[in-house]
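Here is a friendly walk through one protein model. Take a moment to look at the sequence and turn the structure around before reading on.

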Amino acid sequence: MTDYQLLIDGELVDSPQTMEVVNPATEEIIAKCPRGTKELADKAIAAAKKAFPAWSKKPLKERAALLNKLADAMDEHSGELTATLTREQGKPLAEAEQEIQFAIIFVRYFAAQDIPVKHLKDDENCRIEEHHLPLGVVGGIIPWNFPVLVMMAKLPPALLAGNTIVLKPSPTTPLGSLRICELAKDIFPAGVVNIITDQNDLGSYLTQHPDVAKISFTGSVATGKKVMESTAATLKRITLELGGNDPGIILDDVNVDEVAQKVFAAAFVNCGQVCLALKRIYIHESIYEELCNKLVEHAKAAIVDDGSLQGTTIGPLQNKNQYEKVQAFLEQAKRDGNVATGGEVMERAGFFIQPTIIRDIEDGAQIVDEEQFGPILPLVKYKNLDEVIDRINASEYGLGASVWSSDVDKAQDIAKRVVAGTVWVNQHFAMSPDVPFGGAKSSGIGVEFAEEGLAEYTQRQIINVAK
Ligand code: NAD
């Protein structure tokens, strides 16, 4: 038996194979957990399929009550979940605590929703109603940057709508999800919640499986494309929340101090490993030097260390692959622009890279055009706003963006011209479970959160009665 187990058909189970989980701040192995196999995935899917008829027939209020119990259990164990999240993911304790609390808010939000019948028409000829039926078994595929929050953006709406679920966390961050499923074991009927782990080799098994009705996937654009392809044969419902390359457009009239602080936070939270992090900043030439200098000050003041130490503001990259990928971005960025601060890997154990600001850089450079997903922020100088908007809209990404100005009306007009799922004004990365969230272009298909996100876990059914 390992420190953690899988939850399949209401039982905590081991696997013939195990895998090790590493703390990215120390590179030490912190836990062993079972590694899922195709046989275990089959068992999990079969259990979810078997549990579906009874679960979907339960009144919605009863399903909601059990979700609230899960939120209570997470609340009760929030200290332990926070520490586990920091140890496996690397983010500072304060950010881990926010993630756990936000995840609980998501569970409670969905537990408070209803899926009412809509009365579309009632006249002398007919009565038409719109119902929402559950789909069946949902596969929830989770990335490593917000493992608990992303899990809780999927499980509650899936279950509230009457579906059952098989979760698959990322290989490098399975522990928090496994622990929450252990809590779920004593709350939900057997088979309603199941979890398998893998080494990046069972995701496609889930996406192709004929007994999985829907895939809710969060991860990279490259994997999202594979998910779309592999779900085609069974015509599964899919929601894809993918990568982003969020631009910030800074107008010449901003309060530079205030904006520098907010932009820095939105770019370097979770060591820059956020789909919605600010990843490229377009600054009007008249304030370029001043804002660049302020951002450098923030980078120098950051405390980069093991996230479990009090006071740490930026932790390590989450895993070795990402660390190596970001190093390659860094080397290319140094050739394409000038390092204003940072620019080096830190000589210590753990996957640490100095918070880096790259200046004097243009569109066309890799660090501007592609998703770096790490602590490197490129600053692009602009003169002409129309031209900047065209350049931004030429990107394949369209997850988020923000416009910063003292003139809110002007900023809002600019926001409407940017093609992205969310465009903020004078803030970035503000999210809420009651506001739909999804990407434009290659950043995704469908939405999560809110009524629209909940509806994606259902089949719309029209009942049309002749009179
Ligand atoms: P990833 O695509 O490598 O992996 C995501 C998940 O997919 C993991 O669980 C992985 O095991 C699984 N997977 C791997 N191959 C698969 C396949 N062929 N079929 C099905 N599943 C497969 O992404 P990552 O590196 O874990 O996460 C970082 C990426 O996720 C970034 O691009 C980031 O922007 C994006 N992201 C997006 C959002 C959003 O809501 N839009 C949120 C968080 C992260």
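The sections below go through a helix, the cysteines, the aromatic rings and the charged side chains.

## About the model

This is a predicted model, in which local features need pLDDT of at least 70 and side-chain atom pairs count only at pLDDT 80 or more, while totals for chains, interfaces and linings use all residues. Residues are numbered from 1 along each chain as its sequence is written, and side-chain values use heavy atoms, with hydrogens and water left out.

## A covered helix

Helices here are DSSP runs of H or I with at least four residues, and strands are runs of E with at least two, numbered from the N terminus. Helix α5 covers residues 147-160, 14 residues in all, and spans 20 Å from its first C-alpha to its last. That is close to the 20 Å expected at 1.5 Å a residue, where the expected span is 1.5 Å times one less than the number of residues.

Of the 14 residues in α5, 14 are buried. Buried means under 20% relative accessible area, exposed means over 50%, and partly exposed lies in between, using a 1.4 Å probe and protein chains only. Just after α5, Gly162 has a positive phi of about 105°.

## Cysteines without partners

How many disulfides does the count come to? The count is zero, with a disulfide taken as a pair of cysteine sulfur atoms within 2.5 Å. For Cys271, the closest cysteine sulfur belongs to Cys275 and is 15 Å away, too far for a bond. Cys292 is in no disulfide either, as its nearest cysteine sulfur, that of Cys271, is 20 Å away. Cys271 is buried at 2% relative accessibility, and Cys292 is buried at 1%.

## Aromatic rings

The structure holds eight aromatic pairs. Rings of Phe, Tyr and Trp (its six-membered ring) pair if their centres lie within 6.5 Å; planes under 30 degrees apart are stacked, over 60 edge-to-face, and the rest tilted. One of the pairs is Phe102 with Phe106, edge-to-face with 5.2 Å between centres and 85° between planes. These two residues are four apart in helix α4 (residues 93-111), about one helical turn. Phe102 is partly exposed at 24%, whereas Phe106 is buried at 1%.

The rings of Phe437 and Phe449 are stacked, because their centres are 5.4 Å apart and their planes meet at 25°. Phe437 sits in the loop between β18 (422-425) and β19 (444-445), and Phe449 in the loop between β19 and α15 (450-455), so the pair ties together parts twelve residues apart in sequence. Phe102, Phe106, Phe437 and Phe449 form one aromatic cluster.

## Charged side chains

A charge sits over a ring if NZ of Lys or CZ of Arg is within 6 Å of the ring centre and within 35 degrees of the ring normal. Lys91 lies over the face of Phe146, 3.7 Å from the ring centre, and Lys381 lies over Tyr288 at 5.0 Å.

The whole structure has 30 salt bridges, each a side-chain nitrogen of Lys or Arg within 4 Å of a carboxyl oxygen of Asp or Glu. Among them, Glu182 and Arg179 have their closest N and O atoms 3.0 Å apart; these residues are three apart in helix α6 (residues 175-185), about one helical turn. An α-helix has 3.6 residues a turn, so residues three or four places apart point the same way.

Another bridge joins Lys294 to Asp257, at 3.4 Å. This pair links distant parts of the chain, with Lys294 in helix α10 (residues 288-301) and Asp257 in helix α9 (residues 256-268), 37 residues apart.
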